[in-house]
Structure formats: C-alpha cells, structure tokens
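Please find below some notes on the model you sent.

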Amino acid sequence: MIYNSMTIGKVARKLGIHEQTIRAYERKGLIRPTRTEKGTRVFSNEDTIRIIIIITLTQELGLTLTGVNILLHFAQKHQVNDEELLEFIEDHKNEFHISQ
C-alpha cells in the first residue's frame, strides 16, 4: 500500500472519507502532514497509514478520537510503528468487542 505525496483530496477519495474528516484529525494532533511553501498539505505513505488506523479504530471499533490518541501515544512509547499497529489491529479486530 504505497501512497506517497498525495494531496488531501486524493487521500480523501482513496480512503472514502471527507477532506474535513482529515482536517479534524490534524486539528486533534493525530496526524501531521507536511506542507508545501504555499501551505498545501502533502500526505506521505506514513500519514495515510495513520489515517487508516484512525478510521479503523473509530468507525469499525467504536473508539473516540481521545481513545485513538491514547492508543497512538502508547504505541509510540512502546516503539510500535504505525505499520505494525495497523497489522495488529487488522489481525485482532474481531477479538475486540465494544459494548454500546
């Protein structure tokens, strides 16, 4: 899954979400895309993987953005990169049962 140097619109279309959703993730500090000299957001493969993690945790597993933030900080503290975290989530998401 390679998505290098994509604009916000391209990322949103590829992932099936709204640009505003991505902007909200950025406002919450969950992603930090680079910007061109003109201020255009440029998303790397790592940024896109992070967005996929956020989508999976919120839309499929029911976590809040605060919960996602805690999990991302925990993973970083324990030196788990986003690719490993996404693989773990995908491999085990059927084991997680969220009561509603």
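Is Thr 56 buried or exposed? Thr 56 counts as buried, at 3% relative accessibility. The points below start from there; note that the model is a predicted one.

1. Thr 56 and its surroundings. Thr 56 is part of helix α3. Leaving aside residues up to four places away in sequence, Thr 56 touches Leu 61, Leu 86, Ile 89, Glu 90 and Lys 93. Its relative accessible area of 3% falls under the 20% limit, so the residue is classed as buried.

2. Packing of α3 on α5. Helix α3 covers residues 45–60, and helix α5 covers residues 82–92. The two pack at an angle of about 30°, and their axes are 9 Å apart. Because angles under 35 degrees count as roughly parallel, α3 is roughly parallel to α5. The crossing in which α3 passes α5 is left-handed.

3. Residues between α3 and α5. From α3, the contact takes in Asn 45, Glu 46, Ile 49, Arg 50, Ile 52, Ile 53, Thr 56 and Leu 57. From α5, Asp 82, Glu 83, Leu 85, Leu 86, Ile 89 and Glu 90 take part. By class, the contact of α3 with α5 holds seven nonpolar, two polar and five charged residues.

4. Asp 82. Which residues does Asp 82 touch, not counting those up to four places away in sequence? They are Glu 46, Ile 49, Arg 50, Ile 53 and Leu 72. Asp 82 belongs to helix α5. With a relative accessible area of 17%, Asp 82 is under the 20% limit and therefore buried.

5. Glu 90. Helix α5 also holds Glu 90. Here the relative accessible area is 36%, which means that Glu 90 is partly exposed. Glu 90 and Ile 53 are 37 residues apart along the chain, and their C-alpha atoms are separated by 9.2 Å.

6. Packing of α3 on α4. Helix α4 runs over residues 65–77. At what angle do α3 and α4 pack? The angle is about 130°, with the axes 10 Å apart. That angle makes α3 oblique to α4. The crossing of α3 past α4 is right-handed.

7. Residues between α3 and α4. Arg 50, Ile 53, Ile 54, Leu 57 and Thr 58 of α3 meet Leu 65, Val 68, Leu 71 and Leu 72 of α4. The contact of α3 with α4 divides into seven nonpolar residues, one polar and one charged. Arg 50, Ile 53 and Leu 57 are listed in the contact with α4, and these three are also listed in the contact with α5.

8. Packing of α1 on α2. Helix α1 (residues 8–15) and helix α2 (residues 19–27) have axes 8 Å apart and pack at an angle of about 110°. The range from 65 to 115 degrees counts as roughly perpendicular, so α1 is roughly perpendicular to α2. Their crossing is right-handed. In α1, Ile 8, Gly 9, Val 11 and Ala 12 meet Glu 19, Ile 22 and Arg 23 in α2. Four nonpolar, one polar and two charged residues make up the contact of α1 with α2.

9. Aromatic pair. How many aromatic pairs does a search of the whole structure find? The search finds one. Phe 88 and Phe 96 form this pair, which is tilted, with 6.3 Å centre to centre and 50° between the planes. Phe 88 is partly exposed, with a relative accessible area of 43%. Phe 96, at 36% relative accessibility, also counts as partly exposed.

10. Gln 79. Most residues other than glycine have a negative phi. Gln 79 is not a glycine, yet has a positive phi of about 55°. The residue sits in the loop between α4 and α5. Its relative accessible area is 72%, over the 50% limit, so Gln 79 is exposed.

11. Ser 44. The loop between β2 (41–42) and α3 holds Ser 44. Ser 44 is partly exposed, with a relative accessible area of 23%. Between Ser 44 and Ile 17, which are 27 residues apart along the chain, the C-alpha separation is 17 Å.

Notes
Residues are numbered from 1 along each chain as its sequence is written. This is a predicted model: local features need pLDDT of at least 70, side-chain atom pairs count only at pLDDT 80 or more; totals for chains, interfaces and linings use all residues. Side-chain values use heavy atoms; hydrogens and water are left out. Axes are lines fitted to C-alpha atoms, for helices over the stretch in contact, and angles run from 0 to 180 degrees between N-to-C directions. Helices (H or I, at least four residues) and strands (E, at least two) are DSSP runs, numbered from the N terminus. Angles under 35 degrees count as roughly parallel, over 145 as roughly antiparallel, 65 to 115 as roughly perpendicular and the rest as oblique. A crossing is left-handed if the near helix is turned anticlockwise from the far one by less than a right angle, and right-handed if clockwise. Contact means heavy atoms within 4.5 Å. Ala, Val, Leu, Ile, Met, Phe, Trp, Tyr, Cys and Pro count as nonpolar, Asp, Glu, Lys and Arg as charged, and the others, Gly among them, as polar. Buried means under 20% relative accessible area, exposed over 50%, partly exposed in between (1.4 Å probe, protein chains only). Rings of Phe, Tyr and Trp (its six-membered ring) pair if their centres lie within 6.5 Å; planes under 30 degrees apart count as stacked, over 60 as edge-to-face and the rest as tilted.
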